[in-house]
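These are my notebook entries on a structure that I am meeting for the first time.

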Amino acid sequence: MNVGITGIAYALPAREVPTAELQRSIAVASGLALPPRMFEQATGIKRRRMAADGEYASDLAIDAATKVLADTGTDPLDVDLLLFASATRDMAEPATAHVVQAALGSRAHAMDVTNACNSFLNGIDMARAMILSGRARRALVVTGETPTRAMRPRIDGLAQARTAFAGFTFGDAGAAVLVEPVATGGIVDVDTETHSGHWAAGGIFGGGSRHPRGDEHTYFTGDGHRLRRIFEQIGAGLIERVALRTGYGWDAYAKVLVHQVTLPYLDRFVEATGVPRDKLEVTVDELGNMASATLGVQLARVRPSLETGDRVLLVGLGGGVSLMTMVWEVS
């Protein structure tokens, strides 16, 4: 049995916030005089979307999921597995998948899948595995990301600025895919690599049993330079394994989609891997780091240009840390 992606859509909040505006608000709140365009020059991010008050991660997922069901002509009751695969969730309990399902009117087995920025790729992989095992026939995998709510609104001193700055790259978005058996192609290769010893390098450490209450741990804290070094050290081997196992060079892919944190980070990926830049779908400059929705948004944007037989390589990078690749061939 081949299993593939038969529908893909994304959703963005209506509110667009220029990076210059974000920098001004933080500078005023912090009582700092920051150099003009400092945030933009450091990250390459010009603007991003931010969810409105009362707009939640589930809303972005529902928007994208509704589009996928409509585009594919799928009745919600014909979906028997629904995975909300996201770093963000509406609440600690119950699973946000139930919020999405109630809005869609489906009655599928529903649950959350969470693994930082690799959540959406992990969700697609889990859906494929459950279909191959006979546990499901048609799966809807959704993500809704609102990481901008983990940005510090003000910074107190240089030390805090260093650990908070990576959070200022965030943007909000949602995405959804329909996963089901296909006649040809589909998801033809998956690989993962995990180095959990680096789990403390960055994250949002509140909301669990370690820090159940209090604002301090609800903001993103991390060392962006350290995370970049970690991914550079361990990422190249994963890309090489895919090439050795599949025999696919860069020319075998119509598109190469990679998780994007900043524009300099993406430039470094191009330099380290040798991927032709015209095969990328650059989103970070206009939409920021959309956490696990990044690859979903990119995939939806390139889908109209793809033809049957075209291959796409997806490269995921997630805190924890984990790396993941997936090769999808259009059916």
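Entry one, strand pairing. I looked up the partners of strand β4 and found that β4 and strand β6 (residues 139-145) pair in the parallel sense over 4 bridges; two strands pair if DSSP finds at least two bridges between them. Helices (H or I, at least four residues) and strands (E, at least two) are DSSP runs, numbered from the N terminus. Within this pairing, Val142 in β6 is the bridge partner of Phe84.

Before going on, I note that this is a predicted model, in which local features need pLDDT of at least 70 and side-chain atom pairs count only at pLDDT 80 or more, while totals for chains, interfaces and linings use all residues. Residues are numbered from 1 along each chain as its sequence is written, and side-chain values use heavy atoms, with hydrogens and water left out.

Entry two, the other neighbour. I then followed β4 to strand β5 (residues 109-113), and these two run parallel, joined by 5 bridges. Here Leu82 stands opposite Ala110 in β5. With helix α4 (residues 96-104), β4 and β5 make a right-handed β-α-β unit, where right-handed says that, with the strands pointing away from the viewer, the path from the first strand over the helix to the second runs clockwise.

Entry three, burial. Is β4 covered or exposed on its faces? I found both faces covered, with Leu81, Leu83 and Ala85 buried on one side and Leu82 and Phe84 buried on the other. For the strand as a whole, residues 81-85, the count is 5 of 5 residues buried; buried means under 20% relative accessible area, exposed over 50%, and partly exposed in between (1.4 Å probe, protein chains only).

A search of the whole structure gave me 6 aromatic pairs, counted where ring centres of Phe, Tyr and Trp (its six-membered ring) lie within 6.5 Å, with planes under 30 degrees apart stacked, over 60 edge-to-face and the rest tilted. Phe165 and Phe168 are edge-to-face, because their ring centres are 6.0 Å apart and their planes stand at 90°. Of these two, Phe165 is partly exposed at 23% relative accessible area, whereas Phe168 is buried at 3%. Ring pairs also link Phe39, Phe165 and Phe168 into a cluster.
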